[in-house]
Amino acid sequence: MELVLHCVALPLRHVFTIAHGSTAVHRAVIVELRQDGVSGFGEAGESVYYGATVEGMLESLQRVRGLVESARCDDPAQLWTIFQPALAHDAFALCALDCAAHDLWGKLRGQPVWKLWGLSLERLPCSDYTIGIDTIERMVMKLREFPGWPVYKVKLGTPDDLAIVRELRRHTDAIFRVDANCAWEPAQTIDNAAALAQLGVELIEQPLPPELDEAMRDVTARSALPIVADESCRFESDVDRCLGLFDGVNVKLVKCGGLTPARRMLARARKLGLRTMVGCMTESSVGISAAAQLLPMVDYADLDGALLLAQDIATGVRLQYGRFHFPEQNGCGIVRASRSW
């Protein structure tokens, strides 16, 4: 294989704010793997919270260039076991490499990745559309920009959290999910859950910081709503640890290191009786199309990252009014939209 690295900086539709901070531009590394005249693509974006930078990912990937270019893309899962020891410190870089290998693998074999895994697209969950923290008026405006969705995800972690949800509820009958990104206290979570359950909220994501395991156990037992782990579920070993602490887990490719471990994590979570979600950061259709291959394995989907961009850089799995439309292309279905990267 040939390894080609691209850097992209893409403005967002709006400044995107969560409890961890704000982002105006999506900076990411796109990994391109070429073999036999075919290209596969994978993506990983920067994250202040996880300490991932474009510069750091490029350095990590350059360090494994020889290892990558001496291999052939016959089995992405086997390649992951080869690359992982050298990239154990950088799950984001490993994710971009693993997703590119899966896209290439499917294209070389003339099949979508989901089909090569033996999955079916007959019953897929709808994705939410995410409304980042802002003034209440601007959050209502963001909802109105994307009307008619069956589910909206509302980012919280402000002094006005309940007022935000109450006002948004005035403008739609859709299901809500809320994500506090570790910003709440235990008692606050229990109180908020009771109030939010009356406002048509389906679940709460990661209300407490990941180090508060014992408090989380008590909160989940007393919560009026299911609670799903995000920051508390990064790697494969975290799935078993989340049992008893959460009702479900949100698996994100960049957190765990790509499609290979994400698929195992979701299978393990379902075996344990945990609810499953596949999520995303702000990502282009490169990253979203990779994550979408996992949709038949999950109960909930949060794959709207490309819609947060002012302009996408690729085509692939498309999201419209919460429903997924898979392309005819093989692999993860990714086609670059521009020669500028």
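This is a predicted model: local features need pLDDT of at least 70, side-chain atom pairs count only at pLDDT 80 or more; totals for chains, interfaces and linings use all residues.

I started with cavities, and the count came to one of 30 Å³ or more. My rule: on a 1 Å grid over the protein atoms alone, a cavity is a set of points where a 1.4 Å probe fits but cannot get out. Points are joined across faces, edges and corners, and the volume is the space filled by probe spheres set on them. Residues are numbered from 1 along each chain as its sequence is written, and side-chain values use heavy atoms, with hydrogens and water left out.

The largest cavity has a volume of about 70 Å³. What lines the largest cavity? I found Arg13, His14, Val15, Phe16, Tyr129, Thr130, Gly132, Lys142 and Leu308, a lining residue being one with an atom within 4 Å of a point. Two or more lining residues come from each of β1 (2-18) and β4 (129-131), and β1 gives the most, with four. Strands here are DSSP runs of E, at least two residues, and helices are runs of H or I, at least four, numbered from the N terminus. By type, the lining splits into four nonpolar, three polar and two charged residues.

Next I followed β1 into its sheet. Three strands form an open sheet in the order β1-β2-β3, with antiparallel pairing; two strands pair if DSSP finds at least two bridges between them. β1 and β3 (38-45) are the edge strands, each pairing on one side only. I noted an average twist of 25 degrees from one strand to the next.

How many bridges join β1 and β2? I got 13, in the antiparallel sense, and Val8 has Ala28 in β2 as its bridge partner. β1 and β2 form a hairpin with two residues between them. β2 (residues 21-35) pairs with β3 over eight bridges, and there Val31 has Gly42 as its partner.

Last, I looked at two helices. The axes of α6 (residues 136-145) and α7 (residues 161-169) come within 10 Å and cross at roughly 40 degrees. Axes are lines fitted to C-alpha atoms, for helices over the stretch in contact, with angles from 0 to 180 degrees between N-to-C directions. So α6 is oblique to α7, since angles under 35 degrees count as roughly parallel, over 145 as roughly antiparallel, 65 to 115 as roughly perpendicular and the rest as oblique.

Note on methods: On a 1 Å grid over the protein atoms alone, a cavity is a set of points where a 1.4 Å probe fits but cannot get out, and a pocket is an open set with protein on both sides within 12 Å along at least five of seven lines; lining residues have an atom within 4 Å of a point. Ala, Val, Leu, Ile, Met, Phe, Trp, Tyr, Cys and Pro count as nonpolar, Asp, Glu, Lys and Arg as charged, and the others, Gly among them, as polar.
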